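Trainee: Please take one part of this model and go through it closely. I would like to know what surrounds it and how the contacts are made.

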Amino acid sequence: MRRAKRIASIPPYIFAQMDQRKQELLAKGVDVIALGVGDPDQPTPDWIVEEMGRAIKKPAYHRYPDYQGAAFYRRAMADWYRRRFQAELDPNREVVALIGSKEGLAHLIWAFVDPGDVVLIPDPAYPVYRTHTLLAGGDPYLMPLLPENDFLPDLDAIPEDVARRAKILFINYPNNPTSAVADLDFFRRAVDFARRHDILLCHDNAYAEMTFDGYVAPSILAVDGAKDVAVEFYSFSKPFNMTGWRIAAMVGNADAVSALGIIKTNTDSGQFTAVQEAAAAAFDHDPAAFFAKMNRLYTGRRDVFIDGMNALGWQMEKTKGTFYVWVPIPPGQTSGGFSQVCLDKAGVVVTPGVAYGPHGEGFVRVALTVDEKRLKEAVDRLEAAGVRYR
Ligand SMILES: *Cc1c(COP(=O)(O)O)cnc(C)c1O
């Protein structure tokens, strides 16, 4: 049997590959410290799990869900956006439930990109934007995220003819993998750019709630008129430790919500209504207090890791958001080679930056998904292995 040509160009999903490598080492009895995958190690809060216990017993939910998401779920998202971001949403036209943001991001591309259309994609970035652009026959245009630009794309550097052919502009702040944050002024410029070129602006806000040192992340929908051109993805995965539940929403531009709905109704039949009910309940029990608790935990881990690495010669600043640290690698090495050294000599799994795009070269990504003691041990092992920044 011959596979479709469209999947021949798709590199193996980096995290699946890394997981295999980790399993091999574990099988050999190596005590691996896994800082590769961005998956929270803490449990989903009790009140959400308990709501799920009640919801799963409702026979009405054992049938097919509503395609666009349950009315109560869409209302809960709209209420949360008003409370959290001061943004107004019509739950009937401007909210669609997703089986995780990853599903929605992928399908949104199929709803807007014809073969030959350009998609503007940050480099480095979450791999799904580029992979599905390629699958759909689109033409990814990579926008470098450089330290000297605070890891924001330079929209003015995009050539006019590229912008004219572009259908979607992806942005993501707080950012995976660089941990950079963006202010409303950048979002305003992105909205202007999208309006000028008739492009759908897609903001992936997966880390909106994972912020530190008093920084509060905005929504793209806080920009006046953003809904004319923009959608935002809001996921329960990272803030509520719910990656396994597969629940998120796309909100904003009504035409994009409707277009994504056409792909989704012909592909999946929506998320289990009981999961939607549990997720909607996430907002009922002082989520801000829960986020504050989680963010204190991540701040402690961040400090242990960054202070530890800085004692080995790095000069990293403290991050303001996400549970990632984007670590520059010592001059003269590649991100793949450096990751290999960390794994083979210290049993520490990190992700080579190049896995997120060519401009990820020169960095590795560390996920703060183990406790402070283990992070300290990871740094100690790197030190013992002779790893230094010089
Ligand atoms: C984790 C992550 C997602 C995926 O979220 P799900 O809702 O679990 O699918 C999307 N975008 C970015 C940038 C992420 O890091």
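Mentor: Helix 3 passes helix 10 in a right-handed crossing, and helix 10 is the part to follow here. The model is a predicted one. The axes of helix 3 and helix 10 lie 8 Å apart, and the angle between the two helices is about 145°. On the helix 3 side the contact consists of Trp47, Ile48, Glu51, Met52 and Ala55, which meet Ala274, Val275, Glu277, Ala278 and Ala281 of helix 10. By class, the residues of this contact are eight nonpolar, two charged and no polar. An α-helix has 3.6 residues a turn, so residues three or four places apart point the same way.

Helix 10 covers residues 273-281, and nine of its nine residues are buried, so the rest of the structure largely encloses it. Those buried residues are Thr273, Ala274, Val275, Gln276, Glu277, Ala278, Ala279, Ala280 and Ala281. Their packing partners are helix 3 (46-55), helix 4 (71-85) and strand 2 (95-98).

Just after helix 4 comes Gln86, with a positive phi of about 55°.

Another helix pair can be set beside the first. Helix 5 (residues 101-112) packs with helix 6 (residues 128-135) at an angle of about 35°, their axes being 9 Å apart. This crossing, too, is right-handed. Helix 5 contributes Lys102, Leu105, Ala106, Ile109 and Trp110, while helix 6 contributes Val128, Tyr129, His132, Thr133 and Leu135. The residues in contact here are seven nonpolar, two polar and one charged.

Last, the cysteines. Cys202 has 0% relative accessibility and therefore counts as buried; Cys342, at 1%, counts as buried as well. The disulfide count for the model is zero.

Key: Residues numbered from 1 in each chain as written. Predicted model: local features only at pLDDT ≥ 70, side-chain atom pairs only at ≥ 80, totals over all residues. Heavy atoms only, no water. Buried < 20%, exposed > 50% of the residue type's maximum accessible area, 1.4 Å probe, protein only. Helix = DSSP H or I, 4+ residues; strand = E, 2+ residues; numbered from the N terminus. Contact = heavy atoms within 4.5 Å. Disulfide = S-S within 2.5 Å. Axes fitted to C-alpha atoms, helices over the stretch in contact; angles between N-to-C directions. Left-handed = near helix turned anticlockwise from the far one by under 90°. Nonpolar A, V, L, I, M, F, W, Y, C, P; charged D, E, K, R; others polar.
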